Amino acid sequence: MPYKLTCLKDESGATRGTLVCFDNCTFLIDPSWSGRGYYDDCLKFWKEWVSQLDIILLSQPTQDCIGAYAMLYYEFTTHFKSRIQVYSTLPIANLGRVVTVDLYASKGIIGPYDTNRMDIEDIETAFDHINTVKYSQLVDLKNKFDGLGLVAYSSGFAPGGVIWCINNYSEKFLYAPRWNHTRDTILNSADLLDKTGKPSSALMRPSVVLTCTENVSPSIPYRKRSLKFKEIVKKALVSNSSVVIPTAIGGKFLELFVLINDLLYETKKSDLQSDVPVLLISYSRGRTLTYAKSMLEWMSSQLVKTWVSRDNKSPFDMGNRLKIVPVSKLSNYPGTKICFVSQVDTLTNDVISKICTKEKALLLLTEKPNSGSQNIPILNKAYDKWERAISTSNFNATEGNPIVYSESMAVQFIKTKPLTGDDLSEFQSRIENRSRQRSEILASFQTTEHAANNGSAFSDDDDDGDDDVLRSSVGGALSAKIEIPMDILISSSITPKHKMFPFQPGKVSRDDYGDLVDFEQFLTLDGGRVKRNADQFEDEEEGYDPHEFENPNKHSTVGIRRRGDPDPNQSHGNNDDLSYLETNSSPQQRVVSHHKVTVRCSMAFVDLSGLVDSRSLSIIWPALKPRKMVLTPVAESHKETWIATQLQRKGLDVIDAQFNKDLTINTTLKSLDVLIDVEMDQSLRWQRISDGYVVAHVAGRLVREKDAKLSHREKLILKPLSNHPSRVQTGGTLRIGDVRLAELKRNLTAQSHVAEFKGEGTLVVDGQVVVRKIGESEAIVDGIPSDLFYKVKAAVADMLAKV
């Protein structure tokens with residue numbers, strides 16, 4: 001069944017997406033908006049396509065995959081409520097909120113600004129519409145779209161990142177623009193390979209693979225690159241330099257955060273810069289870390305084991321060392337610091353202009369500029385400086401060490417001033433009218449949804465009811481706080497196992513004479529001091545950190561934290577509060593200005609983008625044996641032409657896609673679902689072959705009949721040839737199946753033959769006959785014709801099914 005593939009892009013290049021059109025269903029994959037251009041221009045581009053869409057798929061929690069999604073949902077709510085379904089994983093649904101808040105707040109789309117176009121609750125509602133799936137979970141769409149199904153596989157690029165497999169009958173379409181074949185700090189590798197390093201059987205022989213060759217990773221192993229990253233940061237801290245790390249808040253931020261946390265844990269033992277603060281500057285504040293703490297099951301099991309063995313804390317918990325601050329309060333932290341800044345232009349420009357112009361600082365880049373992401377000139381020029389240093393064989397650059405960076409440039413800044421008078425009245429009136437119109441649109445669907453919910457006693461998505469562990473702290477029905485009664489205090493320092501099962505039965509110590517009793521439990525201390533009971537001992541154990549330098553006195557009764565008391569080591573502020581972005585909180589006017597800034601600092605680049613390297617890409621894809629390889633269009637400056645040449649040399653049909661041009665995929669195979677008549681089924685002789693399949697020789701006639709369950713569908717039934725049974729062909733046989741050499745060796749050894757393996761895929765019997773496997777479905781019996789030769793040949797034939 002042919003289908004069309006189109007890579008979409010608007011005139012400015014800021015809006016992109018991938019359209020896959022089948023006969024009965026249209027998919028939109030990764031609707032992106034990088035922030036360049038205007039909001040209305042992006043809407044105008046998508047308005048042409050949104051009426052055709054049936055399903056939207058989101059593959060990564062980054063701007064270049066979900067930047068336009070919340071905008072589409074808000075402006076075209078009627079299409080989403082009535083028809084369009086959205087599928088993604090739980091981490092993408094959670095981290096996507098954070099990425100969208102940062103992107104839209106930087107452009108003034110949300111927040112108390114005169115340019116406001118939507119509320120922060122609208123972003124929450126958009127991501128609540130997503131149907132979350134798990135890895136390797138089959139989403140059966142056959143009831144609505146005949147023959148279609150979806151499966152999500154891990155991409156290994158970002159938390160919850162997906163390689164989408166769209167099944168159309170027996171055809172498989174793989175969408176994998178970003179993936180990583182190796183395990184990094186927090187994630188396992190992509191599911192393209194199994195645990196043994198062989199291609200995944202579930203993804204073998206796809207009809208089409210759509211991938212991207214832009215900005216592939218270097219061939220240097222990830223472990224060496226991560227060690228280089230920590231080495232550069234450590235040297236900067238020793239020299240009392242601040243470190244500025246711009247990063248995609250929904251992409252590689254969590255990985256970099258864990259690397260810094262690991263570095264500080266190691267230096268803490270040697271008391272080297274143990275008090276350096278770690279700052280996070282983001283419009284979404286600390287929500288990314290809050291979400292990450294609830295999604296450890298989506299990450300590498302080795303990550304959890306490592307940190308549990310250290311101090312039973314989450315890898316995303318730094319305690320009081322972490323400070324989540326706005327740009328305006330950056331001056332409150334002078335001196336050495338590590339500063340993570342969300343990679344949006346407004347925050348990046350402000351932070352670099354404040355730190356890298358006045359202080360001793362290091363600008364550390366970890367990703368190459370991406371044509372689909374936000375264009376930040378101050379970072380692009382820094383990377384260009386690094387590329388020029390590499391091309392001129394600068395010693396420090398070639399060794400990966402920091403270089404001197406000095407550049408004067410005009411930088412865009414956003415300033416705000418309060419709205420007053422008529423401007424304030426007009427703003428409030430516009431927001432009020434918009435809210436009223438929005439309520440009317442949502443009310444039109446409320447009756448239908450209420451009737452649908454009352455029609456079933458239980459929801460199919462019971463397990464997803466608590467997927468969003470963090471709701472907006474601003475007002476409104478969407479963010480209403482629900483008080484849940486609880487009688488057990490779960491400390492952040494206990495192991496994940498104890499968080500799952502918080503009830504811990506008391507352990508009673510016994511000896512030959514009976515139970516051991518602590519008599520202090522029965523003594524009343526004078527002076528109003530608290531008794532030392534069993535609960536206090538338990539609290540002391542929970543509050544004890546083996547890596548703290550100041551170890552509290554275990555036998556002191558002063559300062560013991562009882563159950564229910566606040567932990568003095570925890571921050572009392574709400575790091576997830578986004579009420580300052582509420583539309584009606586202190587309305588302000590955004591004023592854009594440009595100022596000349598001279599950046600003087602050192603800079604370094606360590607590629608931690610988490611993408612596959614070019615050599616592995618040219619090996620893994622041919623191993624999956626796809627019929628066609630479609631390469632997404634990229635800018636000439638980022639294009640790796642030799643990768644396409646390597647894929648073609650290995651026999652793949654490589655196609656370079658063009659923006660806004662339809663690419664028709666003609667499938668050569670078509671499978672049909674055939675039902676076997678009951679009478680014929682009783683006469684068939686089924687033979688079992690490898691991997692649980694059975695096969696039988698059959699001759700009959702196909703009859704098309706109406707499906708009793710689905711009137712709009714027809715079914716094919718295979719019935720016996722009752723009138724002309726002599727026409728059944730009996731000459732010529734075919735043996736199919738898999739020859740297992742290990743099993744063949746056991747059978748021949750049981751018959752007193754000497755069977756030995758001589759190299760991979762070769763079995764020698766009595767030194768005379770050789771059984772050799774060629775490929776996956778062909779075996780050769782080689783030897784001089786003799787009784788042994790025919791005996792081995794018969795043993796091989798007995799392992800196969802005869803049809």
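Accessible areas here come from the Shrake-Rupley method with a 1.4 Å probe. The model on screen is predicted.

**Whole chain.** Start by selecting everything and showing the surface. The chain exposes about 41,800 Å², and carbon and sulfur atoms supply 50% of that area. Of the 803 residues in the chain, 47% are buried.

**Secondary structure.** Switch to a cartoon. The chain holds 21 helices and 34 strands. Now turn to contacts between residues with a separation of 6 or more: 74% of them join residues 24 or more positions apart.

**Confidence.** Colour by pLDDT. The chain has a mean of 80, and 79% of its residues reach 70 or more. Next, select residues 455-482, where pLDDT stays under 50. The model has 39 contacts beyond four places in sequence for this stretch.

Keep I676 selected and bring back the cartoon: I676 belongs to strand β24, which covers residues 674-676. Is I676 buried or partly exposed? I676 is partly exposed, because its relative accessible area is 35%, and the partly exposed class lies between under 20% for buried and over 50% for exposed. That value for I676 also passes the requirement of over 30% relative accessible area for residues in a patch.

Technical notes. Residues are numbered from 1 along each chain as its sequence is written. This is a predicted model: local features need pLDDT of at least 70, side-chain atom pairs count only at pLDDT 80 or more; totals for chains, interfaces and linings use all residues. Side-chain values use heavy atoms; hydrogens and water are left out. pLDDT is the predictor's confidence in each residue, from 0 to 100. Contact means heavy atoms within 4.5 Å. Helices (H or I, at least four residues) and strands (E, at least two) are DSSP runs, numbered from the N terminus. Buried means under 20% relative accessible area, exposed over 50%, partly exposed in between (1.4 Å probe, protein chains only).
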